[in-house]
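Let's take a walk through a protein structure together.

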Amino acid sequence: MSYRATFRVWRGDASGGRLQPYEVEVNEGEVVLDVVHRLQATQTPDLAVRWNCKAGKCGSCSAEVNGRPRLMCMTRMSTLPPDEPVTLTPMRTFPVVRDLVTDVSFNYAKAREIPSFVPPPGVAPGAYRMAQQDVGRSQEFRKCIECFLCQDVCHVIRDHEENKPVYAGPRFLMRIAELDMHPLDAAAGAGIDRSRSAQDDHGLGYCNITRCCTDVCPERITITENALIPLKERAADRKYDPLVWLGSKIRRRR
Ligand code: SF4
Ligand code: SF4
Ligand code: FES
């Protein structure tokens, strides 16, 4: 079954823009990205949109569909009311390049700030052993496709540009949590306290566990319960446990 839908698409660039209405054909089984491609093919060839896989795996077609952060290639038209306009806007948290394309380099800068895995001393590569339970924990986080929808929805930076320098966002706090949980990570021996750095350098305290990031994640990663809350608990344990506090003082004095 085909029908004609009204799409209101944000057109513009860093200097400003507006919602432009289009009437466009929609066919059974299509996703929002199919309709955007039809718009490009039939009415507006200069509409800027980023996409690669059309299979929910490259993380590049992120935008906001009716105000909700979504992958356009994974949003079925059948889930949207056919008699209401569909509003397409770029991710609000990042600067617009043009139309639906945003500059997500904020995220790459945050990624670079996190020290990578520190191999355990005295264990040869290939000789690492981990319990399956530990492997399972970090495997969930490894499903991330870096679509940055969780970063887009997080109110700490969505509504507060001024927080960006001090806040890594859920995707990168999750990365710190993953490394902090890793039984073979030897960061502590190298003088890196990951949970403390999450708190002091990456703004973990700004997160008030509203779960918005978890709700929009297309990979269904339970960011809040499985990464952010355990990381907060570990940061609090280290700060308030008197033995841990004493140990860190002695280490620092040495
Ligand atoms: S749970 Fe925390 S990180 Fe996730 S959206 Fe809410 S404030 Fe942001
Ligand atoms: S955690 Fe989920 S929402 Fe966030 S970047 Fe990764 S896949 Fe996207
Ligand atoms: S085009 Fe790759 S996730 Fe949508």
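This is a predicted model: local features need pLDDT of at least 70, side-chain atom pairs count only at pLDDT 80 or more; totals for chains, interfaces and linings use all residues.

Find Tyr3, which belongs to strand 1 (residues 3-13). Is Tyr3 buried or exposed? Tyr3 counts as exposed because it has 11 C-beta neighbours inside 10 Å, and a residue is called exposed when that number is 12 or fewer. Leaving out residues up to four places away in sequence, Tyr3 touches Val26 and Pro82. Pro82 lies 79 residues from Tyr3 along the chain, yet their C-alpha atoms are separated by 8.0 Å.

Now turn to the largest nonpolar core, which has 50 residues. Among those with the most contacts inside this core are Met72, Cys150 and Ile223. Helix 6 (residues 170-181) gives the core its largest share, six residues. Both domain 1 (3-102) and domain 2 (105-253) contribute at least three residues each. Take a closer look at Ile223: beyond its neighbours within four places in sequence, its contacts include Cys150, Pro170, Cys213 and Cys217.

Some of these names will come back as we reach the ligands. Ligand 1 is surrounded by 13 residues, with Cys154, Pro170, Cys207, Thr210 and Cys213 the closest. Helix 8 (212-216) and helix 9 (223-240) each supply at least two residues of this shell. Its make-up is nine nonpolar, three polar and one charged.

What surrounds ligand 2? Here there are 14 residues, and the closest are Cys144, Cys147, Leu149, Cys150 and Cys217. The shell around ligand 2 has eleven nonpolar residues, three charged ones and no polar ones.

Definitions and conventions: Residues are numbered from 1 along each chain as its sequence is written. Chains are lettered from A and ligands numbered from 1 in the order in which they are written. A residue is near a molecule or strand if its C-beta atom, placed from the backbone, lies within 6 Å of it. Ala, Val, Leu, Ile, Met, Phe, Trp, Tyr, Cys and Pro count as nonpolar, Asp, Glu, Lys and Arg as charged, and the others, Gly among them, as polar. A nonpolar core is a set of buried Ala, Val, Leu, Ile, Met, Phe, Trp, Tyr and Cys residues joined through C-beta atoms within 7 Å. A residue is buried if 20 or more other C-beta atoms lie within 10 Å of its own, exposed if 12 or fewer, and partly exposed in between; C-beta atoms are placed from the backbone. Helices (H or I, at least four residues) and strands (E, at least two) are DSSP runs, numbered from the N terminus. Domain bounds come from an automatic or database domain assignment. Two residues are in contact if their C-beta atoms, placed from the backbone, lie within 7 Å.
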